[in-house]
Amino acid sequence: MLSNSKAQSQNVILAQLDNKTQFVYEVAFARRELDGLKVNADTKLNDTIEFEIRPPYDIDLLAKRLAHFGKVGDRITEYSRIVSRNQKRSDNQFLTHWYYPYKGKYHPRLVRSIFNILGLEYGQTVLDPFVGSGTTSLEAHLFGLNAIGVDISPVCQIIARVKVTAGQIAQKLPLLREKAVDAMKKDFSEYTKIEPTRKAEAFNSEKDGSSYQQFLDSLKDDKVKDFFVLAQLIFASDLGRRRRDFASFEKNIQTMIASALDLAKTQKELKTDRPLGEVSIHEGDARNLKDLIRDDSVDAVITSPPYSIALNYVYNDRYALEELGIDLAELGEQCIGVKGKGRQKVDLYDEDMRRCYDELYRVLRHGSYCVAVIGEATVDGEHTRNVHNAIEYCERIGFTLKEDLPKKIFGLYNTINDERVLFFEKD
Ligand SMILES: C[S@@+](CC[C@H](N)C(=O)[O-])C[C@H]1O[C@@H](n2cnc3c(N)ncnc32)[C@H](O)[C@@H]1O
């Protein structure tokens, strides 16, 4: 068992998968979690999937840490309580995980299970150099791990930060809701006067005289301001991409605040047991982290490298990026997987990813792991060999591939359904 655990019982107990686990691959990850926590367990396939756990084990520790389980013995797990605080319909959107319609997130539960597979200890530091919408950093924070998140996109920086800080300022938000809605309503009524052909680029982009901008300027607390900026970015994206109307802003603000209050409640409960993780989010380039992160300083990297070879983040987030005044072409130059066409695009992607792996090797402590969730895609008729290339290059620079777990997801909503989770150890 891990160092802070103590064996508590001599009885065999059953650990049951959480009833919100959805995918076949999750059974394998559940098994690996138990292995990572050095538990002796046998799989029992009943009508609910259960594992039989033999002594010695520490039931408190298991109930606190496990990701894929709803019950251990007679204990409800901490995580099943966390995931039940969900204002949305989709299971992976609990707490503030749903903030912003970001395409290409990975599953929060997967991330937490990797903490266990690696046997990470509270207070250690996890890096996600492609933090995207901040799934890794929020999960690390709740678990009690410090997190460093880096992303090239300024939109991601805001999403990832607000997902964690919303809990700290949750009590202030209901009082500001009406002001925010009134200000946005004014801007929106101006916007509706604009000719339909100009609408996509015109909303709120002329900041002079914008009521919402005045509302933002009146906010003194940066965390509160970030929250309402994110609400604005969600609205810009919903308006442009999904053709939503003003009611969506009003509804989203309401739901965002409800989720922030859920997060605050969760943070308060968890803090009675252990310090929550510190999170720092940076705008940066994963190909060069030298100014941000020292050599041999990180305890784990958990990340999903850009799928931008199949998913163009700059294009997907264009409405939100434009709201922030970002030059899309300039950002596209820095964004891995967006440049070029066909074979050249794939080659540029591979070259950029090699630079990232060099950096990840540099910042990890010896004996620590880089876990990368990697999918294959076909780009302009060219097949990527991401998994093969990652393994070949990482082994060349000193990593050892310790585990290669398939993560098949079936469903129409998922464009890349053949993914692998690669565990590389820095020797
Ligand atoms: C697959 S997404 C990560 C999604 C994330 N795991 C989540 O759950 O939200 C990859 C991210 O890599 C970012 N990215 C692309 N090029 C980058 C670069 N050069 N440096 C850092 N981040 C980059 C993209 O902006 C995108 O947010």
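This is a predicted model: local features need pLDDT of at least 70, side-chain atom pairs count only at pLDDT 80 or more; totals for chains, interfaces and linings use all residues.

Residues are numbered from 1 along each chain as its sequence is written, and side-chain values use heavy atoms, with hydrogens and water left out.

Me: Which residues make up domain 2?
Reply: The bounds come from an automatic or database domain assignment. Domain 1 covers 13-83 and domain 3 covers 170-271. Domain 2 is 99-163 + 275-313 + 325-426.

Me: How much area do domain 1 and domain 2 bury between them?
Reply: Buried area is the accessible area (1.4 Å probe) that two parts lose on being put together, summed over both. Carbon and sulfur atoms carry 57% of it here. The total is about 1,900 Å².

Me: Which three residues supply 38% of the area that domain 1 buries against domain 2?
Reply: No other three residues of domain 1 supply more of that area. They are Tyr25, Phe29 and Arg65.

Me: How many salt bridges are counted between domain 1 and domain 2?
Reply: A salt bridge needs a side-chain nitrogen of Lys or Arg within 4 Å of a carboxyl oxygen of Asp or Glu. Glutamate 26 and arginine 109 form such a pair, with their closest N and O atoms 4.0 Å apart. The count between the two domains is four.
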